[in-house]
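Welcome! Please take a moment with the sequence and the 3D view, and then let us walk through them together.

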Amino acid sequence: MAGAAVSEIEPTVRCDVCGAEGARRRLLSRSYGKGQDLFVIENVPVVSCPSCGESYLTAETLHEIERLKLHRHSLAEEKAVEVVNFSSSKPSEAA
């Protein structure tokens, strides 16, 4: 999952994977597509569980993401985004 800004939106919830209390909902930015088809959905609620280590999207969130993807051209606002290639982000090694 890609996400620059992360924030908690609820204290804790029960994890749907392991059933433990203490999972947290966080808001992340997620990117979809690539090149000219790239778009970003901000403030996507993601559940992260410290007990089992899983992070997941609820069914409700997945349905909303599909709706946003379907109507993206009428809902989105254009923003300039800087892009860095991971392989070019490594510092050069001295020989």
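## The chain as a whole

Of the 95 residues in the protein chain, 23% count as buried. Please keep in mind that this is a predicted model.

If you look at contacts between residues at least 6 apart in sequence, 36% of them join residues at least 24 apart.

## Order of the elements

The protein chain holds five strands and two helices.

## From β3 to β4

Now turn to strand β3, residues 21-32, and strand β4, residues 39-48. These two run antiparallel and are joined by eight bridges. One place to look is Tyr32, which stands opposite Phe39 in β4.

Together β3 and β4 make a hairpin, with six residues between them. In the turn you can find Gly33, whose phi is positive at about 75°.

## From β4 to β5

Strand β4 also pairs with strand β5, residues 55-56, in the antiparallel sense. Two bridges link β4 and β5. Which residue in β5 is the bridge partner of Val47? The partner is Tyr56.

The hairpin of β4 and β5 has six residues between its strands. Here Gly53 takes a positive phi, near 85°.

Notes:
Residues are numbered from 1 along each chain as its sequence is written. This is a predicted model: local features need pLDDT of at least 70, side-chain atom pairs count only at pLDDT 80 or more; totals for chains, interfaces and linings use all residues. Side-chain values use heavy atoms; hydrogens and water are left out. Helices (H or I, at least four residues) and strands (E, at least two) are DSSP runs, numbered from the N terminus. Buried means under 20% relative accessible area, exposed over 50%, partly exposed in between (1.4 Å probe, protein chains only). Contact means heavy atoms within 4.5 Å. Two strands pair if DSSP finds at least two bridges between them.
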